[in-house]
Amino acid sequence: MLPLVGPMLAPTRPQTKDPAHASAANSGWRPRWRRHPCGVQSCTVVTAPVLEEPEPTRSPTAKASNVWVVDLDGVVWLAGQAIPGVAAAIEELRAHGVRLLFATNNSAPTIAELRARMANCGIAVDASDFVTSAQAAAALVAPGSTVLALAEGGAREALEARGARIVADGDADVVLVGWTRRFDFDRLAQAATAVRRGARLIGTNDDPTHPTPQGLLPGSGALLAAVATAAETRPEIAGKPNPAMVALVRSRAADIHLVVGDRPSTDGALARALDRPFALVYSGVTPPGTHPHPPPAITAADLGSLVARWVQERLPTSTVELDEQH
Ligand SMILES: [Mg+2]
């Protein structure tokens with residue numbers, strides 16, 4: 001059990017040699033003594049339904065600092081349905097000067113759709129505060145390339161922004177596979193044939209499953225495996241925890257404090273690639289009580305309980321300890 005200290009709300013003062021602070025520093029929760037202002041826009045809570053999205057408040061190229069990298073599926077929502085307490089938790093973090101960068105391996109929704117889903121959960125998010133496996137995959141594609149895309153709008157949007165040309169069938173420079181419900185034998189045959197004729201096979205991600213309130217559905221990795229097997233090749237994979245996604249996250253966040261996710265093989269590995277602590281929440285694909293290896297720095301039932309304990313621990317006299325695994 002490792003006590004965590006509350007660094008960012010404390011008044012300005014020099015660091016001490018308190019053992020609790022030393023433990024926190026070792027855990028990656030680095031003590032800071034300067035209060036961070038909260039941007040008015042970023043703290044706004046939007047009530048559903050939302051017809052108009054708020055305008056972005058920052059430059060898309062601006063790097064956020066003091067950041068938590070937070071997964072979406074299984075952390076913020078399940079199939080678009082907000083996990084209880086998540087909006088209040090995010091508002092609490094923002095009020096304490098924490099910036100949120102939402103990193104998802106789900107390539108299906110467009111950025112506008114992600115913003116609308118978040119707004120319907122009561123959370124306002126700038127477009128630049130999403131990083132997606134669709135964007136990471138598009139970064140692997142040379143501008144001007146032809147792409148056969150077995151994927152939804154999010155991947156198509158990212159490819160078009162990259163300057164790629166999406167083709168419906170036939171030869172292509174790249175076959176890109178993302179999560180989609182439009183997947184059948186004919187599409188599988190088209191993709192495998194294009195790869196056999198020389199196309200690169202790129203997967204937005206290889207998550208085997210996709211969490212929903214009703215249970216696990218096949219993930220993009222299941223579709224990608226079918227294409228790779230039929231084409232007898234190994235795909236390039238873009239999303240968490242692979243280098244394209246790591247580079248994308250680093251390009252958006254200057255000072256990452258924590259990575260929060262529900263899947264150790266992707267979110268936990270992303271944290272390790274970023275050399276940051278990983279907080280595993282049991283609100284998605286990982287059943288409560290699971291203790292994966294390597295162990296996460298922190299475990300919590302969900303984002304709400306993680307943030308509640310984090311905030312409580314930050315109080316000057318707090319003795320609360322998080323459920324740390326060693
Ligand atoms: Mg997830």
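## Basis of the model

The model is predicted: local features need pLDDT of at least 70, side-chain atom pairs count only at pLDDT 80 or more, and totals for chains, interfaces and linings use all residues. Residue numbers start from 1 along each chain as its sequence is written.

## Overall composition

The protein chain contains 10 helices and 17 strands; these are DSSP runs, numbered from the N terminus, with helices being H or I of at least four residues and strands E of at least two. Of its 326 residues, 46% are buried, that is, 20 or more other C-beta atoms, placed from the backbone, lie within 10 Å of the residue's own.

Contacts require C-beta atoms, placed from the backbone, within 7 Å. Among contacts between residues at least 6 apart in sequence, 68% join residues at least 24 apart.

## Helix 5

Helix 5 spans residues 153-162, and its buried residues are Gly-154, Ala-155, Arg-156, Glu-157, Ala-158 and Leu-159. Elements covering these buried residues include helix 3 (111-120), helix 4 (133-139), strand 6 (130-132), strand 7 (146-150), strand 8 (165-167) and strand 9 (174-177).

An open sheet of 6 strands has the order 6-5-2-14-15-16, with parallel pairing; strands pair if DSSP finds at least two bridges between them. Strand 6 and strand 16 (298-300) are the edge strands, each pairing on one side only.

Within this sheet, strand 2 (residues 67-70) and strand 14 (residues 256-261) run parallel and are joined by 4 bridges. Val-67 has Ile-256 in strand 14 as its bridge partner.

How values were computed. A residue is buried if 20 or more other C-beta atoms lie within 10 Å of its own, exposed if 12 or fewer, and partly exposed in between; C-beta atoms are placed from the backbone. Two residues are in contact if their C-beta atoms, placed from the backbone, lie within 7 Å.
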